[in-house]
Amino acid sequence: MQKIPSVDLRDFLSDDPVRKQKFVNEIGTAYSEIGFVALKGHFLDDQLVEELYAEVRNFFNLPLETKEKYEIPGIGGQRGYVSFGKEHAKGRSAGDLKEFWHFGQYVSEGSKWANEYPDNVTVEELPRFNVVGEKAYKMLEKTGVYVLRALALYVGLDEFYFDQYIKDGNSILRPIHYPPITEEPKDAVRAAAHGDINLITLLMGAQGKGLQVQNHNGEWIDAIAEADELMINVGDMLSRHTNNKLKSTIHQVVNPPRELWGTSRYSIPFFMHPVSDMKLDCLPSCIDENHPKLYDDITAGEFLNERLIELGLIKK
């Protein structure tokens, strides 16, 4: 596969069972073959996207000492600001060439998960930043619910199987700033080759070159979305749960050509996580003689903790 397939969520949302099944088949096949799709028909409107990017740029343009006020110690970067070079890919020591922010779950009233998650961090200097961030979080989460419903049908589960696990799940919205590159990077890229931890990732801002996906022949393919599309990929949790029927694909963000070193890049992924007690055991419907069980049983919380240690965000 040399190109990322494009699908339209409006097919799944239609009252036409043929269109709905078409979407299930298309997205399921894409995730079985390469693990990425470009999605039209999501719940983010153009105005919200523009406003979110404006607020994100405003934040990252603040003085470093102002941003560092919002870097909260002791929570593994789960909320607020994470400064330049702090995170690295699994198996690498060189920090990625990025700084980022985390918005986390807005738990429903009385939820048993309210005490598990750190509070979201309010940026005092930018009164619209948190308001717009919450609105975008909720629209991306809503989009993700329907994508997972389609994937549940594709792997032979009840359509609403994932709903119970993603309600109040540990999902993260991460606006990222890749600053201009000012000197020859020794061994660092904007984001080194990695697979995502979570169930699915919904990515805003893949309109320009930079994001690359590795196909099954080991070739790197540019993943470029249209202006009205989100790039959505399978994470390691969903790959484990489906015994690798749905594939978590290695991807990276490469440094631009030298003539573009002076430019910033922004991207905004939404990492859709379940609640921590969800069992990621391989689904029986995804195991057979030709596809033996590949992974040990583990919960989402245990798996996340392992990976945060590997990424250098929390200590053992």
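Me: What percentage of the 316 residues of the chain count as buried?

Reply: Happy to start there, with a word on the source: this is a predicted model, in which local features need pLDDT of at least 70, side-chain atom pairs count only at pLDDT 80 or more, and totals for chains, interfaces and linings use all residues. Residues are numbered from 1 along each chain as its sequence is written, and side-chain values use heavy atoms, with hydrogens and water left out. Buried means under 20% relative accessible area, exposed over 50%, and partly exposed in between, with a 1.4 Å probe and protein chains only. By that count, the buried share of the 316 residues is 54%.

Me: How many helices and strands does the chain have?

Reply: Both kinds of element are DSSP runs numbered from the N terminus, helices being H or I with at least four residues and strands E with at least two. Counted this way, the chain has eight helices and 13 strands.

Me: What share of the contacts with a separation of 6 or more comes from residues 24 or more positions apart?

Reply: Contact here means heavy atoms within 4.5 Å. Among contacts in the chain with a separation of 6 or more, the part from residues 24 or more positions apart is 78%.

Me: How are helix 2 and helix 5 oriented to each other, roughly parallel or roughly perpendicular?

Reply: Two packed helices are described by the angle between their axes and the distance between the axes. The axes are lines fitted to C-alpha atoms, for helices over the stretch in contact, and angles run from 0 to 180 degrees between N-to-C directions. Helix 2 (residues 17-33) and helix 5 (residues 129-154) have axes 9 Å apart and pack at about 85°. Angles under 35 degrees count as roughly parallel, over 145 as roughly antiparallel, 65 to 115 as roughly perpendicular and the rest as oblique, so this pair is roughly perpendicular.

Me: How do the residues of the contact of helix 2 with helix 5 divide into nonpolar, polar and charged?

Reply: On the helix 2 side, Lys20, Phe23 and Tyr31 are among the residues that meet helix 5, whose side of the contact includes Val147, Leu151 and Tyr154. Ala, Val, Leu, Ile, Met, Phe, Trp, Tyr, Cys and Pro count as nonpolar, Asp, Glu, Lys and Arg as charged, and the others, Gly among them, as polar. The contact divides into nine nonpolar, four polar and one charged.

Me: Which residues is Leu148 in contact with, leaving aside its neighbours within four places in sequence?

Reply: Leu148 is one of the residues with the most contacts inside the largest nonpolar core. Beyond those sequence neighbours, its partners are Phe162, Ile166, Leu199, Ile200, Leu238 and Met272.

Me: Glu99 lies in strand 4; which side chains does it make polar contacts with?

Reply: Strand 4 covers residues 99-102, and Glu99 counts as buried because its relative accessibility is 5%. A polar contact is a pair of N or O atoms within 3.5 Å; within protein, one must be able to donate a hydrogen and the other to accept it, and residues adjacent in sequence count only if both atoms are side-chain atoms. The partners of the Glu99 side chain are the side chains of Lys67 at 3.1 Å and Tyr81 at 2.5 Å.

Me: Which side chain does the side chain of Glu229 make a polar contact with?

Reply: Glu229 sits in the loop between strand 10 (220-222) and strand 11 (230-234), and it is buried, at 7% relative accessible area. Its side chain reaches the backbone nitrogen of Glu226 at 2.8 Å. The side-chain partner, at 3.2 Å, is Lys40.

Me: Is Asp168 buried or exposed?

Reply: Asp168 lies in the loop between helix 6 (163-166) and strand 5 (172-173). Its phi is positive, about 60°, although it is not a glycine. With 9% relative accessibility, Asp168 is buried.

Definitions and conventions. A nonpolar core is a set of buried Ala, Val, Leu, Ile, Met, Phe, Trp, Tyr and Cys residues joined through side-chain atoms within 4.5 Å.
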